[in-house]
Amino acid sequence: MSFLSLGLRPELVRAVSEKGYATPTPIQIQAIPLILEGRDLMGSAQTGTGKTAGFTLPILQRLDRSGRPAKGRRAIRALTVVPTRELAMQVHRSVEDYGKWLHLESAAVFGGVNINPQKKKLARGVDFLVATPGRLLDLVNQDSVDLSRIEILVLDEADRMLDMGFIRDIRKLLALLPRQKQTLLFSATFSEAIKQLAGGLLHSPALVEIGRRNGAVESVEQLIYPVEKGRKRELLSELIGTNNWRQVLVFGRTKHGANRLAKQLNTDGISATAIHGNKSQSARTQALAKFKAGKVQVLVATDIAARGLDIEQLPHVINFELPQVAEDYVHRIGRTGRAGRRGHAISLVCYEESGQLRDIERLIKREIPRQVVAGYAAELSRGAPKVNANKKPNKRRRRSGSRRRMAA
Ligand code: AMP
């Protein structure tokens, strides 16, 4: 199977081959022809499957074919809404890379940076806009963006947008878009809230499902290291140091904890930097660039900051703390094992996290193997390793955060 045989035009095929892609991934094989046909689509592809190219390539082709509006300047005809700035930048980079041989204009708008350059760019005319919901609404309110000519809408990582409390902003935005349009909705996990959103938005959507729903990426080797809470940092340094792991993404739960951990790792002689929502956009971009270039060995991130990070061939993901929401585990480990490569995801789990571990194992429907490091052995709560499919999941713990935010 080749990109050309999917019906993509030579300019796009040339751009992907310049990126080094030899063959399309399974989601690209499924999604590209459907999107080219103009179908609505609901995709449950996980991160790392080549999803971005899967929707960007056919959208570029449709935009190119429909040409510029007859009168006047360019209008925004494709809109991709994403949860975070990092993802906005990353999707926009893909749009630029894949569309480099077409004559289309694109832009990314997101918060945390000066709005004026974004306004100027929009005023010059854009065909394909990538945006986070909050900044896009600001631009709408300042009359700096016209969404009335949208032909194709993508909601990417929709589950995360709802988890982050963006549902109201999204509904406001949807009300501004033309009724007649092609809509694509991607989500790594499918909750009732997502189904509800999709129900009102998509018309006879084609379903594209790569990997099991709510399932963990198959190409990732997962391990649990039981350890006492107070000894996690020591074990983390030891694992990274003795195995000489070079590029490690470590997840912590809080901004403060992420900062502290990065500092402690540096004290242990392991170069580390933290990335979280309190840091300025330029500090986050800089930290990420250093990590990508191999100048720092460890990037400590919170869930929100890490969403959308695309680091090619990221070999190791470590959960320093388990996430409160089981689905976040799937997102986290999706940072490794991307585009079919092998990945390695380990979790340092203390007794107090036994319940979270139980929820995760129920969600992914498998027991994650335990690995004990000499000198660090610790108990997890009895019964924690058992995956009991008949027992009801702990709903309060799994989704309470998002419910609260959604209700707000
Ligand atoms: P995504 O799931 O869109 O975040 O993509 C994950 C990674 O796979 C990115 O680094 C892409 O550049 C890469 N990728 C996308 N499509 C292909 C392909 N057909 N062959 C090889 N790599 C790809």
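# Close-up legends

**View A. Setting aside neighbours within four places in sequence, Arg 253 is in contact with Thr 302, Glu 321, Leu 322, Pro 323, Gln 324 and Arg 332.** Contact here means heavy atoms within 4.5 Å. You'll find Arg 253 in the loop between β9 (248-251) and α11 (255-267). Helices (H or I, at least four residues) and strands (E, at least two) are DSSP runs, numbered from the N terminus. Arg 253 counts as partly exposed because its relative accessibility is 40%; buried means under 20% relative accessible area, exposed over 50%, and partly exposed in between (1.4 Å probe, protein chains only). Arg 253 and Phe 320 sit 67 residues apart in sequence, yet their C-alpha atoms are 8.3 Å apart in space.

A quick note on what you're looking at: this is a predicted model, where local features need pLDDT of at least 70 and side-chain atom pairs count only at pLDDT 80 or more, while totals for chains, interfaces and linings use all residues. Residues are numbered from 1 along each chain as its sequence is written, and side-chain values use heavy atoms, with hydrogens and water left out.

**View B. Helix α14 (residues 326-333) is mostly covered.** Eight of its eight residues are buried. Going along α14, they are Ala 326, Glu 327, Asp 328, Tyr 329, Val 330, His 331, Arg 332 and Ile 333. Look back at View A and you'll spot Arg 332 among the contacts of Arg 253.

**View C. Helices α5 (residues 115-124) and α6 (residues 133-141) pack at an angle of about 65°, with axes 11 Å apart.** So α5 is roughly perpendicular to α6. Angles of 65 to 115 degrees get that label, while those under 35 count as roughly parallel, over 145 as roughly antiparallel and the rest as oblique. The axes are lines fitted to C-alpha atoms, for helices over the stretch in contact, and angles run from 0 to 180 degrees between N-to-C directions. On the α5 side, the contact is made by Ile 115, Gln 118, Lys 119 and Leu 122; on the α6 side, by Arg 135, Asp 138 and Leu 139. Sort these contact residues by type and you get three nonpolar, one polar and three charged. For that sorting, Ala, Val, Leu, Ile, Met, Phe, Trp, Tyr, Cys and Pro count as nonpolar, Asp, Glu, Lys and Arg as charged, and the others, Gly among them, as polar.

**View D. Leu 57 and Ile 59 have the most contacts inside the largest nonpolar core, a group of 40 residues.** A nonpolar core is a set of buried Ala, Val, Leu, Ile, Met, Phe, Trp, Tyr and Cys residues joined through side-chain atoms within 4.5 Å. Several elements each supply at least two residues of this core, among them α1 (10-18), α3 (51-66) and β6 (182-186). Not counting residues up to four places away in sequence, Leu 57 touches Phe 3, Leu 8, Leu 12, Val 16, Ile 32 and Tyr 98. There's also a second, separate core of 36 residues, including Ala 107 and Leu 162.

**View E. Glu 157 has a positive phi, near 50°.** Most residues other than glycine have a negative phi. Glu 157 lies in the loop between β5 and α7 (158-163), and is buried because its relative accessible area is 3%.

**View F. Asn 244 also has a positive phi, near 55°.** Asn 244 sits in the loop between α10 (232-243) and β9. With 47% relative accessibility, Asn 244 counts as partly exposed.
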